[in-house]
Amino acid sequence: MRFLTILCGVTGALGATSWIAPGAVWYDTDGQKIDAHGGGIVQRGDTFYWVGQSASSNESPMMYSSTDLLNWKNLGKQASSVTGLWRPKIAKPNGSFWLYGQQDRYVLSLKSAQMVGGYSTVKKVHLPPSDYSYSDTGMYYDEASTTWYLLTSADHNTVQINKINSDGTVGARASTLTGGAYEAPGLFYAGGVYFLIVSGKTGWRSNPNKVFTATSLSGPWTGGSNIAPESEKTYNSQNTYELTIKGSQQTTYLYMGDAWDSKGSTGSNYVWLPMAVSPSAKTVTLQYHAMWKVDVNTGVVSYPTAKKRYATRDAQVSRRASSRNSAGSSHKIKRGDEIAFHNVTGTGSRQWVSLLYTANEPEAGQAYIVVNDEVRPVNISDLNSRAGYHGVVPVQLVLKPGDVNTLRFGVSGASGFEVSVDGIEFYEED
Ligand code: GLA
């Protein structure tokens, strides 16, 4: 048992993943951090294939597969000699498998005879008809016309939707979205309406992503409402893809976004959330949940049940830890302060722990947690700025079995950085 505990602590990721936790670090089935940013998903039979840019391999396309959208197996790099390929997306226009992405502001296409592996470069093009240069790519499969469409954000603030021909070449524009500085396009269809989700152009920093709608892929696109409350900046994420799960009981529309670190590198994480979609009001609203999942067979979304809460009220506060709020339920702490939760019950293997806190300025500092006498703190916010955007921040920790654990919560960063801590919470594992 002791050996197992140590082993878990080292890999940090043994055991199945039971929830989607937006903004948390996600591990693959080998215990490695998932590295598929700016990606998209295609489903073949029971299997979902997720392709994205690998930040640890100079933006080479990396693929993972899963049958439950929770446990992802790394299928490796798909074209190891290809680097600098941003936002890769897969399509299957006619028998062959194609991968499209942006390289040096061109659209690069790759082709393989099979879904997994063996992709080689076909063409690097600027698209017809305007010969603009291109940045973020997206992908949409239109069931009605059994046609794939490549989405791009081009020069002159033009988000462009181009048909992919049956020979894999990118064809004429179906429509454009102009009149704003938008990028990171994704598209889905619900109730007779096409929904086009785009991000503003703020580099790696998150912004309020917006939705435009049309009743035909030829446009015109109208709207532009935020998909989450303005101040949430899309829960600190940027759109990359929309996935539709048509279950036996309901259809669930899933937003896939990236929570970039300051330069889109390996510290970046993923924010996936279910969307509330109204074809009549032509709105999309991200439903924020710190932990959730969708049953890929029924389409039903579910959430964990809280099991045990350790309130800050009962915790030991050290150093110069400052003001308790009037209700006595939370503590504001600054750099150098720590809150210790004692006698915390652990299972001996990886478990979800939700930290309940908010930050005054999410990007001005970092929160961390130290488990027992471990030397290295687990950093919970600098990689994703979750503090302040999320309020409930789940992390996966390995604690000792029994009521024997001490978790110390602290902050570092600018002197004005302040977090308000309510407590920590454990969930029923399912
Ligand atoms: C935008 C794009 C990202 C990346 C950054 C670089 O945010 O959507 O994919 O290219 O710009 O600044």
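Predicted model: local features only at pLDDT ≥ 70, side-chain atom pairs only at ≥ 80, totals over all residues.
1. Residues are numbered from 1 along each chain as its sequence is written, and side-chain values use heavy atoms, with hydrogens and water left out.

2. On the ligand site: the ligand is surrounded by R87, D136, E183, G203, W204 and Q238, where a residue is taken as near if one of its heavy atoms lies within 4 Å of the molecule. By class, this shell has 1 nonpolar, 2 polar and 3 charged residues; Ala, Val, Leu, Ile, Met, Phe, Trp, Tyr, Cys and Pro count as nonpolar, Asp, Glu, Lys and Arg as charged, and the others, Gly among them, as polar.

3. A polar side-chain atom of R87 lies 3.0 Å from an oxygen atom of the ligand, while in the case of G203 a backbone N or O atom lies 2.6 Å from an oxygen atom of the ligand. Taken alone, the ligand exposes 310 Å², and the protein buries 78% of that; such areas come from the Shrake-Rupley method with a 1.4 Å probe.

4. On R87 itself: this residue belongs to strand β5 (residues 86–94), a strand being a DSSP run of E with at least two residues, numbered from the N terminus. R87 counts as buried because its relative accessibility is 5%, and buried means under 20% relative accessible area, exposed over 50%, and partly exposed in between (1.4 Å probe, protein chains only).

5. D104 has a positive phi of about 50 degrees without being a glycine, and D104 is classed as exposed because its relative accessible area is 53%. R105, by contrast, is partly exposed, with a relative accessible area of 36%, and its C-alpha atom is separated by 9.4 Å from that of W86, 19 residues apart along the chain.

6. On the sheet that starts with β13: 4 strands make an open sheet in the order β13-β14-β15-β16, with antiparallel pairing, and two strands pair if DSSP finds at least two bridges between them. At the edges stand β13 (182–190) and β16 (222–226), each of which pairs on one side only. Neighbouring strands of this sheet are turned by 25 degrees against each other on average, direction ignored, with axes taken as lines fitted to C-alpha atoms. Between β13 and strand β14 (residues 193–200) there are 7 bridges, and G186 stands opposite I197 in β14.

7. On a cis peptide bond: G219 and P220 are joined by a cis peptide bond, with omega about -5 degrees, and P220 is found in the loop between β15 (210–214) and β16.

8. On the sheet that starts with β17: another open sheet has 4 strands in the order β17-β18-β19-β20, with antiparallel pairing. Its edge strands, β17 (238–246) and β20 (283–286), have a single partner strand each, so one side of each is left without a neighbour in the sheet. Strand β19 (residues 269–278) is joined to β20 by 4 bridges, and M275 stands opposite L286 in β20.

9. On strand β25 (residues 331–334): H331 and I333 form its covered face, and K332 and K334 its uncovered one. In a regular strand the side chains alternate between the two faces of the sheet. β25 pairs with strand β32 (residues 418–427) in the antiparallel sense over 4 bridges, and the partner of K332 in β32 is S420.

10. On strand β30 (residues 392–398), where P394 lies: 6 of the 7 residues of β30 are buried, so the strand is largely enclosed by the rest of the structure. P394 counts as buried because its relative accessibility is 0%. Strand β27 (residues 350–359) runs antiparallel to β30 and is joined to it by 7 bridges, with Q351 standing opposite L397 in β30.

Terms used
Polar contact = N/O pair within 3.5 Å; in protein donor to acceptor, adjacent residues only side chain to side chain. Axes fitted to C-alpha atoms, helices over the stretch in contact; angles between N-to-C directions.
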